[in-house]
Amino acid sequence: MENEIRGVIFDWAGTTVDFGCFAPLKVFTEIFKNKGIDITIEEARAPMGMLKIDHVRAILSTPRISQLWSEKFGRGYSEGDVEELYSDFEPSLMKILPNYTDILDGILPLCKELRERGIKIGSTTGYTKEMMKVVAAGAAKQGYAPDCLVTAEDVGCGRPHPFMIYRNMQNLGIYPPKCIIKVGDTVSDIKEGTNAGVWSVGVIIGSSEMGLTRDEYSQLTDEQKMVLCRKITKTYFDAGADYVINNMAELPALIDEINKGQVPYLLLTPGPLTTTKTVKQAMLRDWCTWDSDYNNIIQKLRADLVSLATANSQNYTAVLMQGSGTFSVESVIGTAVPNNGKLLVLTNGAYGDRIASIAETLKIQTIVQDSGETSLPDLSELEKILIASPDITHVAVVHCETTTGMLNDIEAIGKIVKEFKKIFIVDAMSSFGGIPMDIFNLKIDYLISSSNKCIQGVPGFGFAIANKLELEKCKGNARSLSLDLYDQWKGMENGNGKWRYTSPTHVVKAFCQALKELEVEGGVEARFRRYTDNQKTLAEGMTNLKFMPLLEPHMQSPIITSFCYPKGNNFTFLEFYNFIKDKGYVIYPGKISKAETFRIGNIGNVHKNDILGLLAAIEDFLNKQ
Ligand SMILES: *Cc1c(COP(=O)(O)O)cnc(C)c1O
């Protein structure tokens, strides 16, 4: 609400009146002609939008015309010449001005709509007060009268200075600048808007930039119109415009778009998730990947990740890998399991299934123990499989199965895996950083996670934290060049933090900031408490609203919760989703085959009050039914 658009400030000639902005143009060419100097239409138009005396000076200062002037008069132009020319300009313009006040198409319905929406209408101009008396009176006769009109005389100077806009803001009582749109049809209009810090919008049809009459414009072919629009669009954007519209009819939709963008929704999803502003800000500079400053950052980041994973850090290493989390899973599976190896995958959801499909794609011998989407793996079954197939070399499992929110008991599983002396691989993508764990105690050889889950960075890379002795044995195992975890590791070790291929520099910087913020929050323990609190608040609140969690509490992780569709009524997810999205929260559809569910995440920069806000939005949804 606070940041929504509450004011639109229009330019006059070429924007709201005088299609093509012709009135001043004719007079400018005339006054120079009277001095024996022929200026082109383009030269006369270029400074359009400025205060008219500034406009005269700007024409004189263009190199070709300065030159002509010097040749003609044997000296450069003086300020006296500017004033003299202007004294010719003013009366001539005043004479013809009443004929150039016709309002542009769509202005009246637009103003009606803006007023109905409570949006105030201001205006600025390159005309003087005297000229505006004529123009405003002409426009008013046709029904167009903005709430406020400011000329350069009111504030002491014209465009591209921002002061006419500021005076509008003051008179209309609207601030901050991000609540205001300035619409104009010249480069000096656009600059006035950007200098004021408001949304600066250029309009194309009828503009001075276009410089055509209504008839001329309507006679263009579609192709010619398109080429012209493209050219003008570029001119506006080069001048700093935030948006460009074809005509005024597009303004209401643009206002909606700006309003939506200013109220971003909270992501209650399994990642990418809501990050802090400071994490996003960490991306606002570019880094050279060759430079040691940057590579030192990588080395520290790798060491920090190992420390986060275990107190016993000397036996482990962290390898970063470009891509989303799945790329890192594929990199570990494809590098850790040798040609003659055999992988057992425990699965109870889509991410466990994905590990199995990766192995299958890589033609790795694989056994799958599937316990179904809503049950924990049967540990005696696991033992049986390991006894029956002694050629199994590796066992992989997902820690938090994000499909449902199920938390697998990796401690109990790891114990068995190690009794049988197998290599233990854990996809802790959605839990690492959010649930306390020590990979040494848990006997994990490879733990995989990514930048955009519980560490609360942005998406762009994943990482494996690996047992060095095991990784050392993996040279030449990889079934892919770019996803070779061993090679990536050696590359980072030997190159002192250098990635083999392009490093996601901005994502890395955001991640470093996210790690700092994790520490400030109080480390993984504190984050775990916050997520747990979020989950408890959510589950209790939802149960009160008759949305039942899919999983039994002892299986439920603090990361994400699946809820069943309510029984009996005609619930549709999309309607539910859109309703709460409009209130500023987005959730996730379900991902299981067994039951109709949706999911709500608790991770990211999300706090108890956010969960309470979401619950209130959901209650509103139920009440309106
Ligand atoms: C997010 C996630 C992944 C990786 O998914 P990407 O879309 O590739 O980032 C893998 N496993 C689990 C458990 C996850 O939650």
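Mentor: Happy to. A residue counts as near a molecule if one of its heavy atoms lies within 4 Å of it. Keep in mind that this is a predicted model.

Trainee: Okay, which residues surround the ligand?

Mentor: The surrounding residues are S324, G325, T326, Y351, R354, V398, C400, T402, D427, M429, S430 and K453. By class, that shell has 4 nonpolar, 5 polar and 3 charged residues.

Trainee: How far is the side chain of S324 from a ligand oxygen?

Mentor: An N or O atom in the S324 side chain is 2.5 Å from an oxygen atom of the ligand. T326 also has a polar side-chain atom 2.5 Å from a ligand oxygen, and for T402 the distance is 2.4 Å.

Trainee: And how much of the ligand does the protein cover?

Mentor: On its own the ligand has 380 Å² of accessible area, and the protein covers 87% of that. Helix 16 (325–336) and helix 17 (350–361) are the elements that give two or more residues to the shell.

Trainee: Switching topic: how many residues are in the largest nonpolar core?

Mentor: It has 67 residues, and those with the most contacts inside it are V8, F10, F32, Y127, Y144, V183 and L251. Helix 1 (residues 23–34) provides the largest share, 6 residues.

Trainee: What is F10 in contact with?

Mentor: Beyond its neighbours within four places in sequence, F10 contacts several residues, including L110, L114, I121, Y144, V183, M248 and L251.

Trainee: What about a second core?

Mentor: There is a separate one of 57 residues, with A309, V395, I439 and I455 among them.

Methods. Residues are numbered from 1 along each chain as its sequence is written. This is a predicted model: local features need pLDDT of at least 70, side-chain atom pairs count only at pLDDT 80 or more; totals for chains, interfaces and linings use all residues. Side-chain values use heavy atoms; hydrogens and water are left out. A nonpolar core is a set of buried Ala, Val, Leu, Ile, Met, Phe, Trp, Tyr and Cys residues joined through side-chain atoms within 4.5 Å. Buried means under 20% relative accessible area, exposed over 50%, partly exposed in between (1.4 Å probe, protein chains only). Helices (H or I, at least four residues) and strands (E, at least two) are DSSP runs, numbered from the N terminus. Contact means heavy atoms within 4.5 Å. A polar contact is a pair of N or O atoms within 3.5 Å; within protein, one must be able to donate a hydrogen and the other to accept it, and residues adjacent in sequence count only if both atoms are side-chain atoms. Accessible areas come from the Shrake-Rupley method with a 1.4 Å probe; for residues, only the protein chains shown count as cover. Ala, Val, Leu, Ile, Met, Phe, Trp, Tyr, Cys and Pro count as nonpolar, Asp, Glu, Lys and Arg as charged, and the others, Gly among them, as polar.
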